[in-house]
Amino acid sequence: MKPAKTTTNAAPERKRGSGVKLVYDLLRDEILDLVLPPGSPIDEVQLAERFEMSRTPIREALVRLAGEGLIVTLPNRSTMVSNLDFLNLSPFFDALMLMYRVTTQLAAQNHRPEDLDAIRVRQAEFAGAVRAQDALAMIATNAAFHAAIAEAGRNPYFNSLFSRLLDEGRRFLRLYYQSYDDRLPQQFVDEHEDMIAAIAARDIVAAERLGRAHAEQIIQQIQKLTVGDKRLEMTL
């Protein structure tokens, strides 16, 4: 008679690589959403305790984050969240402005009926996040709204670049929302509605103009926060 098979209550082994992804995804969101502010120390031992895993997947996740420039290792071997790159703001703003303009214009030119449905769904989600004063949801739904517009433009290269810019700019966008105490005025919801109307009407000129204006006020507000008014007033 064969012995009965024994069963154990041990948890299933974590799929290889899933631990790295878990740590990477969570830390990346916390860095981009400023939950972990620039300059915050990153400690492998504390992270291993927090996630209840060995330091190997922690290190692999940190290598990925370092590759994206989100964390840095200092000469003394300590690791910290990277500081915001204020020196490269101008080229970033130039690229962001261009993407707002071109994706909105192309959406007016190339959209299909189902694209408008997707854009309006994203707009409804953004409006709900604004009403709820949920800053992180506002950032996410705003990005999804503009991604839907880019998708309607039928240029995958612009789609990819715009998504990357919005993602890389999340820390600056978080500052932008904080400047309104996470209570965006109805103006921003209305601007989205105007963009949808121009796209639906296939008004290429208006769509480009609205995309430009929308980007301009975001850029000006971030510049105000990061640079401020340092002009010296004096009588000559």
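The questions below concern helix packing and nonpolar cores in this predicted model.

Q: Why are helices H4 and H10 called roughly antiparallel to each other?
A: Helix H4 (residues 89-110) and helix H10 (residues 204-226) pack at an angle of about 155 degrees, with axes 8 Å apart. Angles over 145 degrees count as roughly antiparallel, and H4 and H10 are therefore described in that way. Their crossing is right-handed.

Q: What classes of residue make up the contact of H4 with H10?
A: The contact of H4 with H10 comprises eleven nonpolar, seven polar and four charged residues.

Q: Why is H2 called roughly perpendicular to H3?
A: Helix H2 (residues 44-51) packs against helix H3 (residues 55-67) at an angle of about 115 degrees, with the axes 9 Å apart. The range for roughly perpendicular is 65 to 115 degrees, so H2 is assigned to that class relative to H3. The crossing of H2 and H3 is right-handed.

Q: Which residues make the contact between H2 and H3?
A: H2 contributes Glu44, Val45, Leu47, Ala48 and Phe51, while H3 contributes Arg55, Ile58, Arg59 and Leu62. By class, six are nonpolar, none is polar and three are charged.

Q: Which residues touch the most other members of the largest nonpolar core?
A: Among its 32 residues, these are Leu96, Tyr100, Phe126, Met138, Phe162, Tyr177 and Leu184. H4, H5, H6, H7, H8, H9 and H10 each supply at least two residues of this core, and H4 gives the most, with nine.

Terms used:
Residues numbered from 1 in each chain as written. Predicted model: local features only at pLDDT ≥ 70, side-chain atom pairs only at ≥ 80, totals over all residues. Heavy atoms only, no water. Axes fitted to C-alpha atoms, helices over the stretch in contact; angles between N-to-C directions. Helix = DSSP H or I, 4+ residues; strand = E, 2+ residues; numbered from the N terminus. Parallel < 35°, antiparallel > 145°, perpendicular 65-115°, else oblique. Left-handed = near helix turned anticlockwise from the far one by under 90°. Nonpolar A, V, L, I, M, F, W, Y, C, P; charged D, E, K, R; others polar. Core = buried A, V, L, I, M, F, W, Y, C linked by side-chain atoms within 4.5 Å. Buried < 20%, exposed > 50% of the residue type's maximum accessible area, 1.4 Å probe, protein only. Contact = heavy atoms within 4.5 Å.
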